[in-house]
Amino acid sequence: MKKTISVLLAVLMLAFTFVPAFAADTNENEESTTTYNVTFQAPVQLEDDAFIYVKSVNGEVQYVPDENGEYVFFEGRYMLPSNIVHPEDVPEERFSPVQYQGTVSVKEGETVVFKVMTSEKYNVYTASVFINGKPAALNAQDDYTVYVDRDLVIKVAEYDENGNEALLRNHFNVKLTSGDGYKVKTLKNENYEVTYYGDSFEFRVKVLSGYSAAGMKVSVHRGQAVLGGFLDEEDSDMLLGIMGGTETLTSYGVDEDGCRLYRIENVTTDCKVLVSGVQEESSVGIMAMFKRIIRLILDFLGIKLDILNSFTAVYEINIDASQADGITYQVIRSEEEEITPSSFKVTAGEGVTIIITKKDPDQAVNVMWTPGNETGKYETQWLVDYNTLTGEVSYVAVYNIDNISADTKVVIS
């Protein structure tokens, strides 16, 4: 009997020993009612949408319908309408990403998962995320995962080369090309092929000895060439030019080496410079003559097609040098009937070079043409020309009128 009582007492003591442990497990499984503040702090910025924090699930940004949203849902994913090739395919319904903004209350023990998005102007890959001042790392889904067990401040920050907090813009490559008779290069004493979002990019084109730039056309293709995987680079570039997938550039001046200067405005994508129409000097007049023959045939047959008209149209160039006292000029073009003509015709796409000569180095000279250089701000260098036979010194400047596509009036004064 005593033995039985002893066993019962031992069992009861053991049971009471486990009661606190069971009670502790029960309390731990109860959902915490404690909340903490998680503050999403905006970086130094110029626009409200420069950087935003967006909700992510398994690596995918979450979107909600929004009549003012910038995104559409197309072919199984959210995208900007500008990424859809055919405008008629753009869906009407708009969406916006789900954002974390300001300070939000989060229960203790929960996890906040987010990504950082930027406007197209800024580069998300140069930004760092800090949590309570310490850098955070991306997980395998390129998400930031934060376990909430205290008040947290989440901040995106970028720093310039001097260590100052700043926004760093996207940068883009500009591909410079070379071919038979020409080279595309950066400006003299410069060595760069990258520019930042929204900036301009300047370069120069050198026409090699033995070649003519009378019919040269310089243009830029923005973005990726969709034909690159089907055609070689030269054929792809030529087809882009024919299909109108390029933007024609006009020279704004000549540098001291005789290279033509060009500028690509407002770069927002990768770009490629394309050059066509550079011919050997021995055959420079053949294309102009061919265009004129085609023009005569079309006129005789009464055929009028816009695509052919832009190729074979004839335009008149008038030069007014009545106010150019002490100044002489020379015209270089594909067909020279006289060296200083006051009026002549060219076919579409041709160019004209005007060489101005003066004796007095201090004499101010202004050359304007309409359309294309109405302000007379064409940049050129005055070079010294020494005549070894006579010993005379004169000063020469070059003006190029590219890709003529309208009747043009030139005023030299």
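Eleven salt bridges are counted in this predicted model, a salt bridge being a side-chain nitrogen of Lys or Arg within 4 Å of a carboxyl oxygen of Asp or Glu. Because the model is predicted, local features need pLDDT of at least 70 and side-chain atom pairs count only at pLDDT 80 or more, while totals for chains, interfaces and linings use all residues. Residues are numbered from 1 along each chain as its sequence is written, and side-chain values use heavy atoms, with hydrogens and water left out.

One of these salt bridges joins the side chains of R222 and E247, with 3.0 Å from N to O. The pair links distant parts of the chain, 25 residues apart: R222 belongs to strand β21 (residues 217–222) and E247 to strand β22 (residues 247–248). Strands here are DSSP runs of E with at least two residues, helices are runs of H or I with at least four, and both are numbered from the N terminus. R222 has a relative accessibility of 28% and therefore counts as partly exposed; E247 is partly exposed as well, at 34%. On this scale, buried means under 20% relative accessible area, exposed means over 50%, and partly exposed lies in between, with a 1.4 Å probe and protein chains only.

A second salt bridge is formed by D402 and R260, whose closest N and O atoms are 2.6 Å apart. D402 lies in the loop between β33 and β34, whereas R260 lies in strand β24 (residues 260–264), so the pair ties together parts that are 142 residues apart in sequence. Both of these residues, D402 and R260, are buried. E392 and K359 also form a salt bridge, with 3.5 Å between the closest N and O atoms. This pair links distant parts of the chain, 33 residues apart, with E392 in the loop between β32 and β33 and K359 in the loop between β30 (352–358) and β31. E392 is partly exposed, with a relative accessible area of 46%. Elsewhere, salt bridges link K188, R204, D255, E256 and D257 in a network.

Which charged residue is buried yet has no salt bridge? It is E158, and the nearest side chain of opposite charge, that of R169, is 9.9 Å away. In this count Lys and Arg are positive and Asp and Glu negative, while His and the chain ends are not counted. E158 sits in the loop between β14 (152–157) and β15 (171–175). A polar atom of the E158 side chain lies 3.1 Å from the backbone nitrogen of L168. Apart from neighbours within four places in sequence, the residues in contact with E158 include F51, N123, T126 and A127, as well as L167 and L168; contact means heavy atoms within 4.5 Å.

The chain as a whole contains four helices and 34 strands. Of its 413 residues, 34% are buried. Among contacts between residues at least 6 apart in sequence, 71% join residues at least 24 apart. The accessible surface comes to about 25100 Å², and carbon and sulfur atoms account for 52% of it; such areas come from the Shrake-Rupley method with a 1.4 Å probe, and for residues only the protein chains shown count as cover.

K272 counts as buried because its relative accessibility is 14%, and L274 is buried with a value of 8%. The C-alpha atom of K272 is separated by 8.1 Å from that of G223, 49 residues away along the chain. For L274 and V184, which are 90 residues apart along the chain, the C-alpha separation is 9.0 Å.

The backbone also deserves attention. Most residues other than glycine have a negative phi, and most peptide bonds are trans. E75, which is not a glycine, has a positive phi of about 50 degrees. This residue, E75, is found in the loop between β5 (72–74) and β6 (77–79) and counts as exposed at 69% relative accessibility. N403, in the loop between β33 and β34 (408–412), likewise has a positive phi, near 40 degrees. The peptide bond from T370 to P371 is cis, with omega near 0 degrees, and P371 is found in the loop between β31 (367–370) and β32 (383–386).

Terms used
Polar contact = N/O pair within 3.5 Å; in protein donor to acceptor, adjacent residues only side chain to side chain.
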